[in-house]
Amino acid sequence: MADDSTSTNPPPPASDPAGPVEIGTEPVRDNEVVVAGAGTGKTHTLVNAYLFTLLGLDRSGEPKAPHRVLAITFTDKAAAEMRRRVALRLGALARNPNSDPFVVERARELGLPLPAPSLAA
């Protein structure tokens, strides 16, 4: 058994955050890791961060192609739920950019325009 004192991995958090998870308030430079217990809003937070990145609302101001963003979850069920939520919200945004209050608020906070509706929607 390896001695934990020589491990390069950080120790697990002592406890879950007291409140909701909040990421995406600063530009993503390399990686973001969200560690939180059940019911803390991880999926909601990750879906928001993913959408903000796709739409260029991640302070970079540059939309990213989906193949340039990696989101990993621990279970297939969580991954499927994230895909479902992203697809629903992108579909609604394609029809009406004002349909998503989180996207509207984020664009307002950053002083950026909302994405234009898609003609293909």
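This is a predicted model: local features need pLDDT of at least 70, side-chain atom pairs count only at pLDDT 80 or more; totals for chains, interfaces and linings use all residues.

Me: OK, how many helices and strands does the protein have?
Reply: Three helices and zero strands. Along the sequence the pattern reads α-α-α.

Me: And what percentage of the residues count as buried?
Reply: 25% of the 121 residues. Buried means under 20% relative accessible area, exposed means over 50%, and partly exposed is in between (1.4 Å probe, protein chains only). The accessible surface of the protein comes to about 8800 Å², and carbon and sulfur atoms hold 57% of that. Those areas come from the Shrake-Rupley method with a 1.4 Å probe; for residues, only the protein chains shown count as cover.

Me: Let's do H2. How far apart are its end C-alpha atoms?
Reply: They sit 29 Å apart, which agrees with the 28 Å that the 20 residues of helix H2 (residues 76-95) should span at 1.5 Å a residue. The expected span is 1.5 Å times one less than the number of residues.

Me: Which residues of H2 are buried?
Reply: Ala79, Met82, Val86, Arg89, Leu93 and Ala94. They cover an arc of only 135° around the axis, so they are on the same side of H2. That arc is taken from the directions from the helix axis to the C-beta atoms. On the other side of H2, the exposed residues are Asp76, Lys77, Leu88 and Arg95.

Me: What do the buried residues of H2 pack against?
Reply: H1 and helix H3 (101-110). Contact here means heavy atoms within 4.5 Å. Take Met82: not counting residues up to four places away in sequence, Met82 touches Thr43, Leu46, Val47, Ala71 and Thr73.

Me: Which residues make up the largest nonpolar core?
Reply: There are six: Val47, Tyr50, Leu51, Leu54, Met82 and Val86. H1 gives the most to this core, with four residues. A nonpolar core is a set of buried Ala, Val, Leu, Ile, Met, Phe, Trp, Tyr and Cys residues joined through side-chain atoms within 4.5 Å. As a general point, nonpolar side chains in soluble globular proteins tend to be buried together.

Me: Switching to charges: how many salt bridges in the whole structure?
Reply: A search finds six. The criterion is a side-chain nitrogen of Lys or Arg within 4 Å of a carboxyl oxygen of Asp or Glu.

Me: Which residue forms a salt bridge with Glu105?
Reply: Arg108, with the closest N and O atoms 2.5 Å apart. Glu105 and Arg108 are separated by about one helical turn, because they are three residues apart in helix H3. Glu105 is partly exposed at 33% relative accessible area, and Arg108 is exposed at 56%.

Me: What about Lys64, which side chain does it meet?
Reply: The side chain of Asp58, in a salt bridge of 3.5 Å, N to O. Lys64 counts as partly exposed at 28% relative accessibility, while Asp58 counts as buried at 10%.

Me: Which residues are linked in a network of salt bridges?
Reply: Glu81, Arg84 and Arg85.

Me: Last one: where is Val34?
Reply: Val34 is in the segment before H1. Val34 is buried, with a relative accessible area of 18%, and the C-alpha atoms of Val34 and Thr45 are separated by 9.0 Å, with the two residues eleven apart along the chain.

Terms used. Residues are numbered from 1 along each chain as its sequence is written. Side-chain values use heavy atoms; hydrogens and water are left out. Helices (H or I, at least four residues) and strands (E, at least two) are DSSP runs, numbered from the N terminus.
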